[in-house]
Amino acid sequence: MIEDHRGIWVFAEVVDGNIAGVSLELLGAGRELADKLETPLAAVLLGHEVRHLTDPLIHHGADEVYVIDAPVLKDYRTEPYLAGMGKLARMHLPEIILYGATPNGKDIASAVATDLKTGLTADCTMLDVDVDKRLLEASRPAFGGNIMATILCKKHRPQMATVRPKVMKALEPDASRKGTVMEESLDMKEADIRTKVLEIVKGPGKSVNLEDADVIVCGGKGMGDEQGFQLIHQFAETIGATVGGTRDAVEAGWLSHDHQVGQTGETVTPKIYFAIGVSGAIQHTVGMKNSEMIIAINKDPEAPIFEVATYGIVGDAREILPVLIHAFDELLKEEVVSHA
Amino acid sequence: MHIVVCVKQVPDTKVIKINPKTNTLDRRGVPSIMNPYDAHAVQEAVRLKREYGGKVSVLSMGPPQAEAVIKKSIEIGADEGYLISDRAFAGADTLATSYALTKALEKISSASPIDMIFCGKHAIDGDTGQVGPGIASRLDIPPVTNITSITKVTKDYVELQRKLQDGYAHIRTTLPCLITIEKEINEIEYAPFPNMLKAVSCQPVVWNVDQLGEVDRKQLGLKGSPTVVGKMFAPPKQEGGHRLEGSPQEQVDQLLHVLQEKRHLFHKKGGAAV
Ligand SMILES: Cc1cc2nc3c(=O)[nH]c(=O)nc-3n(C[C@H](O)[C@H](O)[C@H](O)COP(=O)(O)OP(=O)(O)OC[C@H]3O[C@@H](n4cnc5c(N)ncnc54)[C@H](O)[C@@H]3O)c2cc1C
Ligand SMILES: Cc1cc2nc3c(=O)[nH]c(=O)nc-3n(C[C@H](O)[C@H](O)[C@H](O)COP(=O)(O)OP(=O)(O)OC[C@H]3O[C@@H](n4cnc5c(N)ncnc54)[C@H](O)[C@@H]3O)c2cc1C
């Protein structure tokens, strides 16, 4: 019975012994939905030696935390995680479960959906609820981001969605928040599991760290050619920024895929994002539009990038960048001198 | 070694147009292609066949035109193709899609047991990546998603590299298993001429629902799909900001003025932030 299902759950992903950023973001989003539906918000924490992580979950908005702590849950594997999620969901009947759209989050969500024979909306960027019908309205970009679709799961519970990292906002942690922790066991032995994790290798030579950059200078196809793109590198070097690129710039071979920002690249939220010679296709803007300040330089006044830009300069980047580089050079030289 | 690759025909999302008035897809003149990840999956299966022997089959669900992606797979080097095609499959979400494909895989397996099933990481139209893990759950075989390299295959297990958000995991899993393939795994090779000839004459095996054996029709197509598309809308437009004006030098001056308060964020390469 659909009516027997109550409560909103967030799958709390553990990365390097900490709660993943996306899970905290989902607690922020889940808090809002739970308040609208007047139902508790719970985090589900699976792992090995993770009990100390229940506090941050509560501080970020969870009313309840379900914990399963077992050696078989040390590294992520579908089988034991599915066993844990499946058991909890059958015991406690949540009405909504949210997962981060990370490799592991998508993997576990797909397995749970098939196990519980319920619907799963993928890669959402917007969440809301129809309070009367208690329906989750999960919206997602489809067809390469050309259109948004709202997906509903009317007759099955729980309603489930995976949600992209960095689109929802986490709440400021509040250490005075209280919540209940409920622990369950998992009856599964290592010998029962067909998949073994032999080794985990961290960031193999990920040469660029766009995610943590404060300032990103992103160049697009409008830089003309590889030589023109050097201006992007020069500018970034002048101000100590990280270089990003559009897919078209990457495909042109001007920089490696690690630098790509957008739907099929990185999602970034720097303090300042320069988009230079970038048209502002939706597949690009989904990856950068939450930057604090966006500065666009484009010679086409109609370019869609201006719709998301905080400040826009209409003009030829190959003329403007040298002026900008020179100006910053002077500015930063002054600084160095004045500190001396 | 028998590998079955699931291949999907998709509209080429690079050229898709949206009618801004009705927010519907304008499919006119939009070419259909093989989902790019599935092409890499077929290529990888063909590589394993070369190394370890065996057979590569491909399976697609779709309208009769989806035959094209099977022919494309034969070009890459697959040996045989199966198409399941029936109105009853129409409107399937990922749960109903994995059910239908699982029924076909069971039938293929009963004639020639399957060691590995490959799927793409995701399809570029629906873009969920949910079908592969769904099939694995239904067949009760281990799924391993986001695979960038298959490093070792024996008759009992495979070793693989699984892409994580930051790095990768080296994994061993027993056979049979289901693997979803990332693009980095290989480069698509040029089709050898004999394969092209073979593709032209290839006739995939086509099954409708009745030919799939015992199937619960309630789990197929629109009827078997818990999710429905509620509404489609244009992506939200953000409010445009401030246009700077004047000559390049004047615009740069204005920008610098604005950026004064953010000065602490800038620093010369190698130096500390000022
Ligand atoms: C499934 C899918 C996934 C995708 N994923 C991504 C993704 O992750 N990231 C991504 O970026 N794209 C992605 N794309 C591609 C995206 O749709 C666009 O094609 C791409 O972002 C365009 O890149 P661009 O802005 O560099 O080039 P263009 O669209 O060619 O724009 C160049 C711009 O430069 C301007 N310009 C030209 N000369 C000058 C000059 N001298 N000075 C100043 N301006 C100039 C032009 O006015 C134009 O606006 C994806 C597409 C699909 C279908
Ligand atoms: C706008 C829109 C939004 C949608 N959103 C959702 C949603 O959020 N949740 C949901 O459950 N469904 C959704 N669907 C339905 C979904 O697209 C279909 O169920 C589709 O049949 C399979 O999903 P996919 O394209 O995401 O495939 P994916 O799961 O991304 O495909 C992964 C792999 O599975 C295999 N595969 C998938 N389909 C086939 C096939 N027909 N034949 C052979 N192999 C195949 C391929 O190997 C493919 O690479 C949506 C559809 C549309 C049009």
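Predicted model: local features only at pLDDT ≥ 70, side-chain atom pairs only at ≥ 80, totals over all residues.
Elements of both chains take part in the shell.

Backbone atoms of both chains lie close to oxygen atoms of ligand 2. In chain A, a backbone N or O atom of Ala122(A) is found 3.1 Å from an oxygen atom of the ligand. In chain B, a polar backbone atom of Ala92(B) is 2.9 Å from an oxygen atom of ligand 2, and a polar backbone atom of Val131(B) is 2.9 Å from an oxygen atom of ligand 2. On its own, ligand 2 has 930 Å² of accessible area, of which the protein covers 92%.

Ligand 1 also lies between chains A and B. Among the 26 residues around this ligand, Lys221(A), Thr246(A), Thr264(A), Ser279(A) and Asn298(A) come nearest. The residues of its shell comprise four nonpolar, 16 polar and six charged. Two helices of chain A, α6 (247-251) and α7 (282-285), each supply at least two residues of the shell around ligand 1.

Backbone atoms of chain A were also identified beside ligand 1. A nitrogen atom of ligand 1 is 2.8 Å from a backbone N or O atom of Val261(A), and a backbone N or O atom of Lys299(A) lies 3.2 Å from a nitrogen atom of the ligand. For Gly265(A), a polar backbone atom is 3.4 Å from an oxygen atom of ligand 1. Taken alone, ligand 1 exposes 980 Å², and the protein buries 83% of that area.

Helix packing was examined in each chain. Two packed helices are described by the angle between their axes and the distance between the axes. In chain A, helix α3 (residues 78-92) packs against helix α4 (residues 103-116) at an angle of about 50°, and the two axes are 9 Å apart. The helices α3(A) and α4(A) are therefore oblique to each other, and their crossing is right-handed. The crossing of α3(B) and α4(B) is right-handed.

Local backbone geometry was considered next. Most residues other than glycine have a negative phi, and most peptide bonds are trans. In chain A, a cis peptide bond joins Arg157(A) and Pro158(A), with omega of about -5°. In chain B, the peptide bond from Leu175(B) to Pro176(B) is cis, and its omega is near -10°. Pro176(B) is located in the loop between β11 (167-174) and β12 (177-181) of chain B.

A further backbone feature occurs at Glu38(A), a residue other than glycine with a positive phi, near 50°. Glu38(A) is placed in the loop between α1 (21-37) and β4 (41-47) of chain A.

Key: Residues numbered from 1 in each chain as written. Chains lettered and ligands numbered in written order. Heavy atoms only, no water. Near = heavy atom within 4 Å. Polar contact = N/O pair within 3.5 Å; in protein donor to acceptor, adjacent residues only side chain to side chain. Areas by Shrake-Rupley, 256 points an atom, 1.4 Å probe, with all protein chains shown as cover. Helix = DSSP H or I, 4+ residues; strand = E, 2+ residues; numbered from the N terminus. Nonpolar A, V, L, I, M, F, W, Y, C, P; charged D, E, K, R; others polar. Axes fitted to C-alpha atoms, helices over the stretch in contact; angles between N-to-C directions. Parallel < 35°, antiparallel > 145°, perpendicular 65-115°, else oblique. Left-handed = near helix turned anticlockwise from the far one by under 90°.
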